[in-house]
Number of protein chains: 2
Amino acid sequence: MELNKRQTEILEIVKLDGPITGEQIAERLKLARATIRPDLAILTMAGFLDARPRVGYFYSGKKPTQSVSDGMIGMKVGDFQSIPVVVNENVSVYDAICQMFLEDVGTLFVVDKSSCLSGVLSRKDLLRTSIGTTELEKLPVHVIMTRMPNITYCKKQDTLIHAAKKMMDKQIDSLPVIVEKSKGLEVVGRITKTNITAAFLSLAEEHEL
Amino acid sequence: MELNKRQTEILEIVKLDGPITGEQIAERLKLARATIRPDLAILTMAGFLDARPRVGYFYSGKKPTQSVSDGMIGMKVGDFQSIPVVVNENVSVYDAICQMFLEDVGTLFVVDKSSCLSGVLSRKDLLRTSIGTTELEKLPVHVIMTRMPNITYCKKQDTLIHAAKKMMDKQIDSLPVIVEKSKGLEVVGRITKTNITAAFLSLAEEHEL
């Protein structure tokens with residue numbers, strides 16, 4: 001729910017000088033008491049102001065936050081993304097697993113000679129390979145990685161909702177955040193279900209839950 | 001924002017018979033036009049009603065949904081949890097990995113003889129072991145699992161916010177949902193960051209984003 005200019009002014013007055021009566025507020029705004037009556041009713045009903053008989057209006061402490069809808073649409077991939085961890089196509093599966101532990105990530109992105117996205121390696125891919133193969137040091141990751149065009153990705157300016165939908169639809173735990181270049185896709189970030197969980201909590205915090 | 005009884009009545013009238021003028025609504029409620037003026041202002045400002053000059057009020061289609069706060073607090077672990085996958089303490093690491101792929105989960109819960117929670121196995125634990133050990137068929141999971149009391153868990157009636165906070169604080173991807181019994185903790189569910197992502201999307205859907 002958005003407040004209009006007069007309601008915002010009233011809220012400011014009450015914040016600074018409350019408790020204050022409706023008459024006093026009207027006087028400060030050089031308006032009639034009857035004029036601001038609907039505004040006071042709206043501010044009280046919406047929970048921004050409390051009213052006590054013979055005391056006046058005072059500020060409830062509730063901030064005129066954005067609506068959830070606005071809040072969620074405003075959440076962009078770029079604001080929640082993590083740093084991507086990339087490895088070269090010719091790195092061994094063994095080294096990729098070590099890299100995954102060193103960086104403590106669940107997904108590695110694989111890049112080609114021109115540093116463009118060519119594959120994705122999940123913990124699941126690496127675990128599957130590690131129990132099926134003995135010579136992990138000799139097997140290059142490009143043999144087992146998920147390749148383009150089967151990689152689902154997103155862009156910084158996408159909404160988190162959009163990224164979350166993609167992960168759920170494809171049943172994957174993370175997406176590379178990319179920028180399209182003439183030579184291919186440059187990896188600039190990583191969005192995971194951990195980022196979505198952080199966003200979920202930040203929605204809760206915004207509403208002081 | 002919660003509507004009072006009169007506002008709910010007005011909303012119902014406009015839903016059924018809109019477009020309808022303020023005078024007509026007042027007549028239906030046997031009230032003066034002036035009495036319902038603040039209610040109409042609130043309903044219009046909050047976006048439930050639209051008003052068109054010389055036509056009257058009509059229903060905008062927006063439902064008086066719960067506030068986000070109420071919506072998020074109402075989300076309980078029990079409403080979003082997945083089915084837990086459990087293995088016995090003496091199962092081999094190799095069999096546990098196979099079970100993880102078969103069930104397509106990221107975490108296995110380990111139970112003792114009396115079917116109570118004794119450990120947790122993540123994909124990360126299994127991957128670490130699989131590259132460090134050759135005889136995965138001979139190594140029982142109880143050697144490598146995270147043990148009680150180092151297991152973070154939650155209950156059905158906990159809020160999802162609470163569960164999400166625990167996962168973020170402990171940097172883990174899932175929690176067992178348990179019931180306390182005299183013999184120990186019975187595992188009845190599994191909460192993951194995928195469940196939180198689903199909840200995030202359901203919030204978005206509720207608000208038609």
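Q: Which side chain does R128(A) meet in a salt bridge?
A: The partner is D125(A), with N to O at 3.5 Å. Keep in mind that this is a predicted model.

Q: Where do R128(A) and D125(A) sit relative to each other?
A: Both are in helix 7 of chain A, residues 123–132. They are 3 residues apart, so about one helical turn separates them.

Q: And D125(A), buried or exposed?
A: Buried, at 12% relative accessibility. Under 20% counts as buried. R128(A) comes out as partly exposed, at 44%.

Q: What does D125(B) pair with over in chain B?
A: D125(B) forms a salt bridge with R128(B), and the closest N and O atoms are 3.5 Å apart. Those two also lie in helix 7 of their chain, 3 residues apart, about one turn of the helix. D125(B) is buried with a relative accessible area of 12%, while R128(B) is partly exposed at 43%.

Q: Which side chain has a polar atom 2.8 Å from the backbone oxygen of D125(B)?
A: That's T129(B). T129(B) is in helix 7 of chain B as well, and its relative accessibility is 10%, so it counts as buried.

Q: What is T129(B) in contact with, leaving aside its close sequence neighbours?
A: Setting aside anything within four places in sequence, T129(B) is in contact with V93(B), L136(B), L139(B) and I144(B).

Q: OK, back to salt bridges. How many are there over all chains?
A: The search of the whole structure turns up 24. One of them joins the side chains of D17(A) and R28(A), at 2.7 Å N to O.

Q: Which parts does the D17(A) and R28(A) pair tie together?
A: D17(A) is in helix 1 (residues 5–17) of chain A and R28(A) is in helix 2 (residues 22–28), so the bridge ties together parts that are 11 residues apart in sequence. D17(A) is partly exposed at 38%, and R28(A) is partly exposed too, at 44%.

Q: Which residues are linked with R123(A) in a network?
A: D173(B) and K193(B). Those three are linked by salt bridges, with R123(A) from chain A and the other two from chain B.

Q: How is chain A divided up?
A: Into domain 1 (5–59) and domain 2 (72–201). Their C-alpha centres lie 53 Å apart.

Q: What does UniProt list for chain A?
A: An unreviewed UniProt entry lists "domain: CBS" for residues 80–139 and 145–209. In the model, the span 80–139 is 37% helix and 23% strand, and its end C-alpha atoms lie 34 Å apart.

Q: New topic: which residues does the cis peptide bond with omega about 0° join?
A: G18(A) and P19(A). P19(A) is in the loop between helix 1 and helix 2 of chain A. In chain B, the bond from M148(B) to P149(B) is cis, with omega near 5°. P149(B) is in the loop between strand 6 (146–147) and helix 8 (160–170).

Q: Which residue has a positive phi of about 65° although it is not a glycine?
A: R54(A). R54(A) sits in the loop between strand 1 (49–52) and strand 2 (56–59) of chain A, and at 88% relative accessibility it counts as exposed.

Q: And what's phi like at Q171(B)?
A: Near 55°, a positive value in a residue other than glycine. Q171(B) lies in the loop between helix 8 and strand 7 (174–181) of chain B. Q171(B) counts as exposed, at 66%.

Conventions:
Residues are numbered from 1 along each chain as its sequence is written. Chains are lettered from A and ligands numbered from 1 in the order in which they are written. This is a predicted model: local features need pLDDT of at least 70, side-chain atom pairs count only at pLDDT 80 or more; totals for chains, interfaces and linings use all residues. Side-chain values use heavy atoms; hydrogens and water are left out. Helices (H or I, at least four residues) and strands (E, at least two) are DSSP runs, numbered from the N terminus. Buried means under 20% relative accessible area, exposed over 50%, partly exposed in between (1.4 Å probe, protein chains only). A polar contact is a pair of N or O atoms within 3.5 Å; within protein, one must be able to donate a hydrogen and the other to accept it, and residues adjacent in sequence count only if both atoms are side-chain atoms. Contact means heavy atoms within 4.5 Å. A salt bridge is a side-chain nitrogen of Lys or Arg within 4 Å of a carboxyl oxygen of Asp or Glu. Domain bounds come from an automatic or database domain assignment. UniProt positions are given in the numbering used here, feature names are shortened, and annotations may be inferred rather than shown by experiment.
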